[in-house]
Amino acid sequence: MKYKLLVLDLDGTLTNTRKEVTEHTRTTLIKAQEQGLKIVLASGRPTYGIAPLANLLQLDKYEGYVLSYNGGEIIDWKTGDLLYKNLLDPEVLPYLYQCANDNHFAIVTYDGEYVLTEYPDDEYVLKEALLNVMKIKKVDNFLKAVQHPIAKCLIVGEPTRLAVLEKEMYNHLHDRMGVFRSEPYFLELVPKGIDKAQSLAVLLKEIGMTKDEMIAVGDGFNDLSMIKYAGLGVAMSNAQEVVKENADFITLSNEEDGVAHVVEKFILSENTDK
């Protein structure tokens, strides 16, 4: 098997617009795992928000991995072992909080099954909670509520205004931490050096594989690094233009089982041909 590792973004890639994995995609991925393929679910979501999909695809049975918080954590889904973790510097939190408040955006982070925020009714906070099947916990003061180690914060809001804030915060923070949008309305704030490609490099070393044996599939800005890094970088047809421009192959959309198409073309067909 030329490709032994398949790395999948979730939203806009593995899942359709209803945030579901179709039966065709699920059975195709199970079949590929039965033939020895290892799967990594790589997302900006917290680990809690990835778990249902990891279990649906039986990553525990087939020795797959979960890469959460855009690479802030890597978990061996069979053993539950934490292979890698990188936490946000708590000293930067007051600045992040001030940026959100000054621009009238909500800021969120996570604590177990909860999304923590001062604005539980914000439409974009509700999107994040729904996406991850998490409960929203209202806090009176975000900074006082966050006394535990965290892997990321998220500032959410109207895309045009958020893009302006992204540039401002990136210019101020790029030496200290990662600042980028995973969706037009989600601004990710993560530890420096955290992106999917760098974390995948850690995982590859851990499991004794090379990037040439890896396929990475995604659609968003935060997938760009892993698509450029992988032996075969694949963009969904619904991907951002810059992602498609940097991909080796463009598959069908997330509404057309684009992930299953990749597996059938580059993994299952190879095994059938032998």
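Me: What makes a residue count as buried?
Reply: A residue is buried when its relative accessible area is under 20%; over 50% is exposed, and partly exposed lies in between. In this predicted model, 55% of the 274 residues of the chain count as buried.

Me: Why is Cys-153 called buried?
Reply: The cut-off is under 20%. Cys-153 has a relative accessibility of 0%, so Cys-153 counts as buried.

Me: What makes Cys-99 count as buried?
Reply: Its relative accessibility is 4%. Buried means under 20%, and therefore Cys-99 counts as buried.

Me: How do you know that Cys-99 and Cys-153 are too far apart for a bond?
Reply: A disulfide needs a pair of cysteine sulfur atoms within 2.5 Å. The closest cysteine sulfur to that of Cys-99 is in Cys-153, 11 Å away, so the pair is too far apart for a bond. Starting from Cys-153, the closest cysteine sulfur is that of Cys-99, again at 11 Å.

Me: How many disulfides does a search of the whole structure find?
Reply: The search finds zero.

Me: Why is Lys-19 called partly exposed?
Reply: Partly exposed covers the range between the buried limit of 20% and the exposed limit of 50%. Lys-19 has a relative accessible area of 39%, so Lys-19 is partly exposed. Its place is the loop between strand S1 (5–8) and helix H1 (23–34).

Me: What is the phi of Lys-19, which is not a glycine?
Reply: The phi is positive, at about 65 degrees. Most residues other than glycine have a negative phi.

Me: What makes Glu-63 count as partly exposed?
Reply: The relative accessibility of Glu-63 is 32%. Glu-63 is found in the loop between helix H2 (47–56) and strand S3 (65–68). Although Glu-63 is not a glycine, its phi is positive, about 60 degrees.

Me: How many helices and strands does the chain have?
Reply: The secondary structure comes to 10 helices and 14 strands.

Me: Why is the chain called as compact as a globular protein of that length?
Reply: The globule rule gives 19 Å for 274 residues, and the radius of gyration of the chain is 18 Å; the two values are close, so the chain is as compact as a globular protein of that length. Along the principal axes, the C-alpha atoms fill a box of roughly 60 × 35 × 35 Å.

Me: How many side chains are positive and how many negative?
Reply: There are 29 positive and 42 negative side chains, with the centres of the two sets 2 Å apart.

Note on methods:
Residues are numbered from 1 along each chain as its sequence is written. This is a predicted model: local features need pLDDT of at least 70, side-chain atom pairs count only at pLDDT 80 or more; totals for chains, interfaces and linings use all residues. Side-chain values use heavy atoms; hydrogens and water are left out. Helices (H or I, at least four residues) and strands (E, at least two) are DSSP runs, numbered from the N terminus. The radius of gyration is taken over C-alpha atoms; the globule rule is 2.2 Å times the number of residues to the power 0.38. Buried means under 20% relative accessible area, exposed over 50%, partly exposed in between (1.4 Å probe, protein chains only). Lys and Arg count as positive and Asp and Glu as negative; His and the chain ends are not counted. The place of a charge is taken as NZ of Lys, CZ of Arg, CG of Asp or CD of Glu.
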